[in-house]
Structures are given as structure tokens and as C-alpha cells.
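Colleague: I'd like to learn how to read helix packing in a model. Can we go through one together?

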Amino acid sequence: MTTTNPTAPYALGSTDAEHERLIWQAARLAPLTERLFREAGIGPGQRILDIGSGVGDVAMLAAKLVGPSGDVVGIERDPRSIARARSRVARLACKT
């Protein structure tokens with residue numbers, strides 16, 4: 001049996017460059033991810049839990065789909081990723 005260390009760092013790191021790579025990757029996959037979510041029935045008013053949120057891309061996409069009547073909670077253990085996700089969400093909130 002193999003066990004993992006729950007406090008082990010993300011395999012690809014948590015550098016600014018890795019965050020940028022994840023954001024770039026999520027942007028390229030967003031149309032497919034959105035289609036998958038819509039086909040899965042995610043929509044207005046739902047409550048979504050995103051485990052392993054990283055820098056927040058999937059949670060932000062889910063928030064767009066559930067709208068103001070829904071809720072999305074993202075769970076992430078890396079403090080740098082959480083800070084990056086919070087700042088991205090705050091920037092989006094200022095634009096709306």
C-alpha cells in the first residue's frame with residue numbers, strides 16, 4: 001500500500017511561473033470545461049464544491065454558470081495559490 005504525505009507540495013511547484021502556466025492552460029481548456037459542466041447539468045442556483053482549486057479557474061467558471069443565486073466554494077491547501085485565487089476573484093469583482 002502506498003501512502004502520500006498530505007502536506008507534500010504540489011508536484012509542479014507553486015511559483016509565479018507555474019501559476020501563469022495553470023492560468024494559460026485553464027484558458028485554453030475553458031470552452032471544453034464549460035461544455036462538460038453544462039452537459040453535467042451545472043446551472044443557476046446550484047451549490048458547487050471545488051476541491052483542489054489551485055489558482056481558481058474552475059471555481060470561477062463554475063461561479064459564472066451558477067450565477068448570483070448559486071454558491072461556489074473552493075478548497076486549496078497551498079497558501080500562495082489561495083492568495084492568487086483571491087486576488088483574481090477580487091479583480092473580477094471590480095470589473096463587474
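Colleague: How are helix 1 and helix 3 oriented to each other: parallel, antiparallel, perpendicular or oblique?

Modeller: A quick word on the source before I answer. This is a predicted model, where local features need pLDDT of at least 70 and side-chain atom pairs count only at pLDDT 80 or more, while totals for chains, interfaces and linings use all residues. Residues are numbered from 1 along each chain as its sequence is written, and side-chain values use heavy atoms, with hydrogens and water left out.

Modeller: Now the general idea: two packed helices are described by the angle between their axes and the distance between the axes. Axes are lines fitted to C-alpha atoms, for helices over the stretch in contact, and angles run from 0 to 180 degrees between N-to-C directions. Under 35 degrees is roughly parallel, over 145 roughly antiparallel, 65 to 115 roughly perpendicular, and the rest oblique. Here, helix 1 (residues 16-39) and helix 3 (residues 79-95) cross at roughly 50 degrees, and their axes come within 11 Å. Helix 1 and helix 3 are therefore oblique to each other.

Colleague: Which residues make that contact?

Modeller: Contact means heavy atoms within 4.5 Å. Helix 1 brings Asp16, His19, Glu20 and Ile23, and helix 3 brings Arg80, Ser81, Arg84 and Arg88. By class, that's 1 nonpolar, 2 polar and 5 charged; Ala, Val, Leu, Ile, Met, Phe, Trp, Tyr, Cys and Pro count as nonpolar, Asp, Glu, Lys and Arg as charged, and the others, Gly among them, as polar.

Colleague: Is arginine 84 buried or exposed?

Modeller: Buried means under 20% relative accessible area, exposed over 50%, and partly exposed in between (1.4 Å probe, protein chains only). Arginine 84 has 18% relative accessibility, so it counts as buried. Leaving aside neighbours within four places in sequence, arginine 84 touches Asp16, His19, Glu20, Ile23 and Val55.

Colleague: And how do helix 1 and helix 2 pack?

Modeller: Their axes are 9 Å apart, at an angle of about 40 degrees. On the helix 1 side, the residues include Leu22, Ala26, Ala30 and Phe37, and they meet a helix 2 set that includes Leu61 and Leu65. This contact has 8 nonpolar, 1 polar and 4 charged residues.

Colleague: How many residues of helix 2 are buried?

Modeller: Helix 2 (residues 57-66) is mostly covered, with 7 of its 10 residues buried. Those are Asp57, Ala59, Met60, Leu61, Ala62, Leu65 and Val66. They pack against helix 1, strand 1 (47-51), strand 2 (71-75) and helix 3. Alanine 63, also in helix 2, is partly exposed at 36%.

Colleague: What is in the largest nonpolar core?

Modeller: A nonpolar core is a set of buried Ala, Val, Leu, Ile, Met, Phe, Trp, Tyr and Cys residues joined through side-chain atoms within 4.5 Å. The largest one has 7 residues: Phe37, Ile42, Ile48, Leu61, Ala62, Leu65 and Val66. Helix 2 gives the most to this core, with 4 residues.

Colleague: What pattern does the chain follow along the sequence?

Modeller: Helices (H or I, at least four residues) and strands (E, at least two) are DSSP runs, numbered from the N terminus. There are 3 helices and 2 strands, in the pattern α-β-α-β-α. Over the whole chain of 96 residues, 29% are buried.
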